[in-house]
Amino acid sequence: MLAYRHRFHAGNFADVFKHSLLTQLLAALCAKVKPWCYIDTHAGIGLYDLKHAWTQKMREYEGGIGRLWHARDVPEALEPYLRIVRAENPGGRLRYYPGSPIVARRHVRAADRLVLTELNRVDCAELAAVFAHDRRVAVQHMDGYHTLKAYLPPAERRGLVLIDSSFDRAREFARLTRALKDAFGRWPTGMYAIWYPLMEPAPMRDFYADVQRSGTRKVLRLELTVRGDRAEGALAGCGMLIVNPPWRFEAAAAPMLEWLAGALAAGTGAGSRVDWLVPE
Ligand SMILES: C[S@@+](CC[C@H](N)C(=O)[O-])C[C@H]1O[C@@H](n2cnc3c(N)ncnc32)[C@H](O)[C@@H]1O
């Protein structure tokens with residue numbers, strides 16, 4: 001357990017997918033004055049140096065943020081996300097990649113609040129160092145699934161929960177569905193963003209069916225495939241379920257993901273889909 005370290009994957013296509021959507025969700029929260037709370041159950045270390053030896057091993061960022069860094073035809077919808085990445089690289093050369101906690105911190109206002117939890121002790125210490133002295137941010141060494149029980153519903157009654165599991169244990173889809181069901185029961189009006197890898201058709205069908213049976217309502221499914229085959233065990237694609245998305249979120253996200261599918265394609269069969277897994 002906890003063999004997974006996000007440094008090996010930082011800035012890859014899955015991060016681009018996840019963080020570009022996350023940016024849009026946080027921007028939507030900021031559209032209203034009322035304070036919000038952001039809960040990141042699997043937070044990672046916050047900021048990634050792409051020159052780190054672990055990241056250099058596979059250089060996955062080259063097929064992710066590296067593709068967008070010099071692209072000229074980036075759609076307007078991706079600009080806010082790219083501005084966050086550029087802000088970490090003021091010299092204009094891509095070196096640092098912001099993880100989900102940094103993406104969130106770029107949006108936080110005086111009365112908003114971030115709760116970041118990470119189970120790997122070493123990674124959690126790095127994360128805490130990034131946010132030292134920021135009173136709006138609480139960093140906890142904690143199992144992200146316990147976080148949901150401890151913090152939901154948040155006092156603000158408004159906000160977003162990101163569940164971004166590393167999927168390094170068996171039966172993670174089942175764990176995720178159980179956690180979502182319980183969290184939704186505690187806080188049915190909260191917004192939830194749940195990342196998942198695209199696996200073989202059978203486990204995916206089971207996952208979708210379990211979510212449909214869970215009682216959770218208003219679940220938007222967004223997926224990005226970068227290759228049609230799963231050559232050498234490489235991730236073929238990933239998805240995000242968004243519970244209680246902002247109004248008309250799907251209309252804005254669909255063309256953005258379609259563009260990303262072309263820009264991040266790693267073989268034939270790249271594509272995207274956006275549909276309602278569970279309607280209202
Ligand atoms: C995919 S990474 C997170 C990346 C981060 N959300 C981002 O977007 O920058 C998953 C993280 O979850 C941590 N982790 C694994 N199991 C966990 C658990 N049960 N609770 C909290 N963190 C966990 C791993 O150590 C890893 O840092």
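Which backbone nitrogen does a side-chain oxygen of N120 reach at the start of α6? I looked, and it is the nitrogen of V122, to within 3.0 Å. That falls under my cut-off for a polar contact, a pair of N or O atoms within 3.5 Å; within protein, one must be able to donate a hydrogen and the other to accept it, and residues adjacent in sequence count only if both atoms are side-chain atoms.

**Ground rules.** I am working from a predicted model, in which local features need pLDDT of at least 70, side-chain atom pairs count only at pLDDT 80 or more, and totals for chains, interfaces and linings use all residues. Residues are numbered from 1 along each chain as its sequence is written, and side-chain values use heavy atoms, with hydrogens and water left out.

**Whole chain.** I counted 10 helices and 10 strands in the protein chain; these are DSSP runs (helices H or I, at least four residues; strands E, at least two), numbered from the N terminus. The radius of gyration is 17 Å, close to the 19 Å that the globule rule gives for 280 residues, so the chain is as compact as a globular protein of that length. The radius is taken over C-alpha atoms, and the rule is 2.2 Å times the number of residues to the power 0.38. Along the principal axes, the C-alpha atoms fill a box of roughly 45 × 40 × 40 Å.

I noted that buried residues make up 51% of the 280. Buried means under 20% relative accessible area, exposed over 50%, and partly exposed in between (1.4 Å probe, protein chains only). The chain exposes about 12,700 Å², of which carbon and sulfur atoms supply 53%; the areas come from the Shrake-Rupley method with a 1.4 Å probe, and for residues only the protein chains shown count as cover. Of the contacts (heavy atoms within 4.5 Å) with a separation of 6 or more, 76% are between residues 24 or more positions apart.

**Helix α6.** I went back to α6, residues 121-130, and found D123, C124 and L127 buried. They cover an arc of only 100° around the axis, which puts them on the same side of α6; the arc is that of the directions from the helix axis to the C-beta atoms. An α-helix has 3.6 residues a turn, so residues three or four places apart point the same way. On the other side of α6, R121 and A129 are exposed. The cover over the buried residues includes α5 (100-105), β4 (113-118) and β5 (137-141).

I then followed the chain into the loop between α6 and β5, where A132 sits. A132 counts as partly exposed because its relative accessibility is 39%. Its C-alpha atom is separated by 23 Å from that of D164, 32 residues apart along the chain.

**Nonpolar core.** Which residues touch the most other members of the largest nonpolar core? I found Y38, L68 and Y192, out of 85 residues. Helix α1 (residues 13-30) gives the most to this core, with nine residues. A core here is a set of buried Ala, Val, Leu, Ile, Met, Phe, Trp, Tyr and Cys residues joined through side-chain atoms within 4.5 Å. Beyond four places in sequence, L68 touches V16, V74, L78, Y81, L82, W259, L260 and L264.

I also checked Q24, which lies in α1. Q24 counts as buried because its relative accessibility is 15%. Leaving aside neighbours within four places in sequence, Q24 is in contact with A77, F249, A253 and M256.

**T216.** Is T216 buried or exposed? It is buried, with a relative accessible area of 0%. T216 is in the loop between α9 (201-213) and β8 (219-225). Its side chain makes a polar contact with the side chain of S214, at 2.8 Å. Not counting residues up to four places away in sequence, T216 touches L180, K181, F184, V243 and V278.

I found a cis peptide bond joining L152 and P153, with omega about -5°. P153 is in the loop between α7 (144-151) and β6 (159-163).

R59 is a residue other than glycine with a positive phi, near 50°. R59 lies in the loop between α2 (53-58) and α3 (65-69), and it is partly exposed at 35% relative accessible area. R171, also not a glycine, has a positive phi of about 60°. I placed R171 in the loop between β6 and α8 (172-186); R171 is exposed, with a relative accessible area of 66%.
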